[in-house]
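User: I am new to reading protein models. Could you take me through one, feature by feature?

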Amino acid sequence: MARCIELGKNGLGTTRPNPMVGCVIVSENKIIGEGFTSKYGDNHAEVNAINSVKDKLLLVKATLYVTLEPCSHVGKTPPCSDLILKHNIPNIVVGCIDDNVLVAGKGIERLKNAGCNVQVGILEDECKEHHKRFFTFHTKKRPYIILKWAQTQDNFIAPLTKKEKKPVWITGSLSRQLVHKWRAEEQAILVGTTTVLKDNPSLTVRNWTGESPIRVVLDRKLSVPKNVTVFNGNVKTIVITDFNTENNHLTNEAIVYESIHFSENSVPQICDILFKHHITSIIIEGGSKTLQSFIDEGFWDEARVFTGITNFKTGVEAPKFLGKLLSEEKIETDTLRIYTNG
């Protein structure tokens, strides 16, 4: 099962909104097949693992290990449980049950009813952690939310004023490259109006290989000019505003406008919009007010905080929060601390 988790991580950033499942097939104490979920719309992990087995006759006495319950419904692909039964695989070991209402135990039930020996809950906690984005989406009806910012030694994230509309870097080049890797791994990235106006960010993947995330811009009063980079149409961009956007002529395939009531507890409404667009994970990159609003409402799962070696003495203060420290590491002269919402 540990190997299944290891394999499943290969799907990070490509399987969404599907889970990144890993699968291993064993016969007579030897691994005869392995697989992980392909890009969304292609084969699931079980299919890839079964296809990798050279001698299919071995499957009739094999054990299939998988991080998540095999699906039993028709989606973009046929049910994995049907393929398992087709090849008469007698033993199935499942890491954790699928919380998706379309599955939710039905895959296991189908396998058991067909006479398979099914064992559930092997490395269950590790498998649930591995599938945290998928489970958060289906159980909390919102994306897995990652807060990210860089702060100075004296706890500022930006100067009060600057000469050019571009970021003032607090961290080094390796830390910034890591952020681009994260962007390739998560489905969306969100910023507020002030960040767009002051920094004119692109919010894309540039120093890493992978797809750029969906851009989400909070623009309450539609005050962001249309010539900024986030409106270049290169990446799908969702603009969340206070204005009524029904039948809005500005909406097109690349830029979509959604309306909420910012004066009425905006964060849950924002999450509802993200859930509507099937976004399973998102990075909140700023600014300070936007980050703090998610913290104050308790709508966050992970915070990734860089601390550089500079001091601003004055500026925009870093968000204030309470979290459980998960890890701490040095990246050149920067310190990266990752917290969970305990």
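This is a predicted model: local features need pLDDT of at least 70, side-chain atom pairs count only at pLDDT 80 or more; totals for chains, interfaces and linings use all residues.

User: How do strand 6 and strand 12 run, parallel or antiparallel?

Analyst: Look at the direction of each strand, then at the bridges. Strand 6 (residues 144-151) and strand 12 (residues 281-286) run parallel. Four bridges join them. For a landmark, find Tyr144: Ser281 in strand 12 stands opposite.

User: Now the inside. How many residues has the largest nonpolar core?

Analyst: To read a core, ask who is in it and which elements supply it. The largest one has 37 residues. Ile25, Ile50, Leu64 and Ile92 have the most contacts inside it. Several elements supply at least two residues each, including helix 1 (2-8), strand 1 (22-27), helix 2 (45-52), strand 3 (63-68) and helix 6. Take Ile25 as a case. Leaving aside residues up to four places away in sequence, it touches Ala49, Ile50, Val53, Leu59 and Leu64, among others. Another core, of 29 residues, lies apart from the largest one. It includes Ala188, Val267, Ile282 and Ala303.

User: Let us turn to the backbone. Which residues does a cis peptide bond with omega of about 5° join?

Analyst: Omega is the angle to check for a peptide bond. A cis bond with omega of about 5° joins Arg16 and Pro17. Pro17 sits in the loop between helix 1 and strand 1. The bond from Gly286 to Gly287 is cis too, with omega near 0°. Gly287 is in the loop between strand 12 and helix 10 (288-297).

User: And phi? What is its value in Asn200?

Analyst: Asn200 is not, and its phi is near 45°, a positive value. Asn200 lies in the loop between helix 8 (193-199) and strand 9 (214-218). It is partly exposed, with a relative accessible area of 29%. His278 is not a glycine either, and its phi is positive, about 60°. The loop between helix 9 (266-276) and strand 12 holds His278.

User: Last, a helix pair. At what angle do the axes of helix 9 and helix 10 cross?

Analyst: Two packed helices are described by the angle and the distance between their axes. The axes of helix 9 and helix 10 cross at roughly 100° and come within 9 Å. Helix 9 and helix 10 are therefore roughly perpendicular to each other. Helix 9 makes the contact with Val267, Ile270 and Cys271, and helix 10 with Ser293, Phe294 and Glu297. By class, the contact has four nonpolar, one polar and one charged residues.

Key. Residues are numbered from 1 along each chain as its sequence is written. Side-chain values use heavy atoms; hydrogens and water are left out. Two strands pair if DSSP finds at least two bridges between them. A nonpolar core is a set of buried Ala, Val, Leu, Ile, Met, Phe, Trp, Tyr and Cys residues joined through side-chain atoms within 4.5 Å. Buried means under 20% relative accessible area, exposed over 50%, partly exposed in between (1.4 Å probe, protein chains only). Contact means heavy atoms within 4.5 Å. Axes are lines fitted to C-alpha atoms, for helices over the stretch in contact, and angles run from 0 to 180 degrees between N-to-C directions. Angles under 35 degrees count as roughly parallel, over 145 as roughly antiparallel, 65 to 115 as roughly perpendicular and the rest as oblique. Ala, Val, Leu, Ile, Met, Phe, Trp, Tyr, Cys and Pro count as nonpolar, Asp, Glu, Lys and Arg as charged, and the others, Gly among them, as polar.
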